[in-house]
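Please keep the sequence and the model in view while reading.

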Amino acid sequence: MQVADHDTAPGTAKELGAFLERRREQIAQRWADAALFRTVFTVSRDEAVEACKAVVDALADVARSGRLEDVEAPGFGTVRDQLGRMAAARARAGFTPVQIAGEVAGLREPVTALLRAEFDDDADDERVTACTQALAVLTATLRLVIMETTVSAGEELIARQRQQLLEVATPVIKLWDGVVAVPLIGTLDSARSQVVMESLLEAIVDQRAAYAILDITGVPTVDSLVAQHLMKTVAAARLMGAECIVSGIRPAIAQTIVQLGIDLGSIITRAGLADALAYALTQQGIVVSARPVTEAGPR
């Protein structure tokens, strides 16, 4: 992947690499005061300077290779590792990828100033212009690399947060010794079904549960896909030695299941969670009786 179709002479790129190597210390000292570095390395400026030197070295390697526009150039690996961590810290602080890329673009100005100062007495204006343009190409590629890294880190963070939300939304509750339940609320898609199955199987092992209840009272609709997920979960629980009970099948859902021709004949079902728990307890030899309700009257 390339930034644009620029024609940078190999000699110019190597000259830029040599310049970055010569001015490594000065560039690092100036970059250490930039927002991108200053707000991350708040304890020690020396640590920021060392981080800047690592980035300058990496860019010098890219320049010497002549692959100024190639985001896959080996030297950018170090840049991704070093600046990527700082960009991630800035992202956590609320900065957008575009804002972070703008801070990266700001690193170009102090380097350009040093470059022009070094070539100030050079009569060959074309040589100065060529090196300046090569630096512009290199920093543009650097900006693209950091944007890609920041976006990728953001996507990974979103994926982790989504997984955590799925796990929180599908708790496994211990109702009794040997009886666990999963109250399902909302849509049951493939990703969430996998989390339900994994959480339930782990709970069966941890609690040594003989009965597992899947309560679908909060599931708005049941189609063939949801039914398949339920049956797979029931089958997996049986393999772990637990009997699975599905509760909370409302009249509308029952009609839908019949109309779809879904066969749940091999699955134990109960109208509600209380009925499912009563069944599980009875199967374990525990007597379940309803407490009589009496009205308090005048004595």
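The model is predicted. In it, the axes of α4 and helix α5 (residues 76–92) cross at roughly 155°, and α4 and α5 are therefore roughly antiparallel to each other. A search of the whole structure also finds 3 cavities of 30 Å³ or more.

**α4 against α5**

- The two axes, of α4 and α5, come within 8 Å.
- The crossing of α4 past α5 is left-handed.
- On the α4 side, the contact is made by Ala-51, Ala-54, Val-55, Ala-58, Leu-59 and Val-62.
- On the α5 side, Phe-76, Thr-78, Val-79, Gln-82 and Leu-83 take part.
- By class, the residues of the α4 contact with α5 are 9 nonpolar and 2 polar, with no charged residues.

**α1 against α4**

- Helix α1 spans residues 10–22, and its axis comes within 7 Å of the α4 axis.
- The α1 and α4 axes cross at roughly 160°, which makes α1 roughly antiparallel to α4.
- This crossing of α1 past α4 is left-handed.
- From α1, the contact residues are Ala-13, Lys-14, Leu-16, Gly-17, Leu-20 and Glu-21.
- They meet Val-56, Leu-59, Ala-60, Ala-63 and Arg-64 in α4.
- The contact of α1 with α4 divides into 7 nonpolar, 1 polar and 3 charged residues.
- Leu-59 of α4 is listed in the contact with α1 and also in the contact with α5.

**α1 against α7**

- Helix α7 covers residues 108–118, and the axes of α1 and α7 come within 11 Å.
- These axes, of α1 and α7, cross at roughly 100°, so α1 is roughly perpendicular to α7.
- Phe-19, Leu-20 and Arg-22 in α1 meet Val-111, Leu-114, Leu-115 and Glu-118 in α7.
- The residues of the α1 contact with α7 divide into 5 nonpolar, no polar and 2 charged.
- Leu-20 of α1 takes part in the contact with α7 and in the contact with α4.

**Largest cavity**

- The largest cavity has a volume of about 60 Å³.
- Its lining consists of Leu-20, Ile-27, Trp-31, Val-56, Leu-59, Leu-107, Val-111, Leu-135, Leu-138 and Thr-139.
- Helices α2 (24–31), α4 (45–65) and α8 (125–169) each supply at least two residues of this lining.
- The largest share, 3 residues, comes from α8.
- By class, the lining of the largest cavity has 9 nonpolar residues, 1 polar and no charged.

**Second largest cavity**

- About 40 Å³ of space lies in the second largest cavity.
- Ile-216, Val-222, Ala-227, Leu-230, Val-246, Ile-249, Ile-257, Ile-262 and Leu-264 line the second largest cavity.
- The lining of the second largest cavity has 9 nonpolar residues, no polar and no charged.

Conventions. Residues numbered from 1 in each chain as written. Predicted model: local features only at pLDDT ≥ 70, side-chain atom pairs only at ≥ 80, totals over all residues. Heavy atoms only, no water. 1 Å grid on protein atoms, 1.4 Å probe; cavity = no way out; pocket = protein on both sides within 12 Å on 5 of 7 lines; lining within 4 Å. Points joined across faces, edges and corners; volume = space filled by probe spheres on them. Helix = DSSP H or I, 4+ residues; strand = E, 2+ residues; numbered from the N terminus. Nonpolar A, V, L, I, M, F, W, Y, C, P; charged D, E, K, R; others polar. Axes fitted to C-alpha atoms, helices over the stretch in contact; angles between N-to-C directions. Parallel < 35°, antiparallel > 145°, perpendicular 65-115°, else oblique. Left-handed = near helix turned anticlockwise from the far one by under 90°. Contact = heavy atoms within 4.5 Å.
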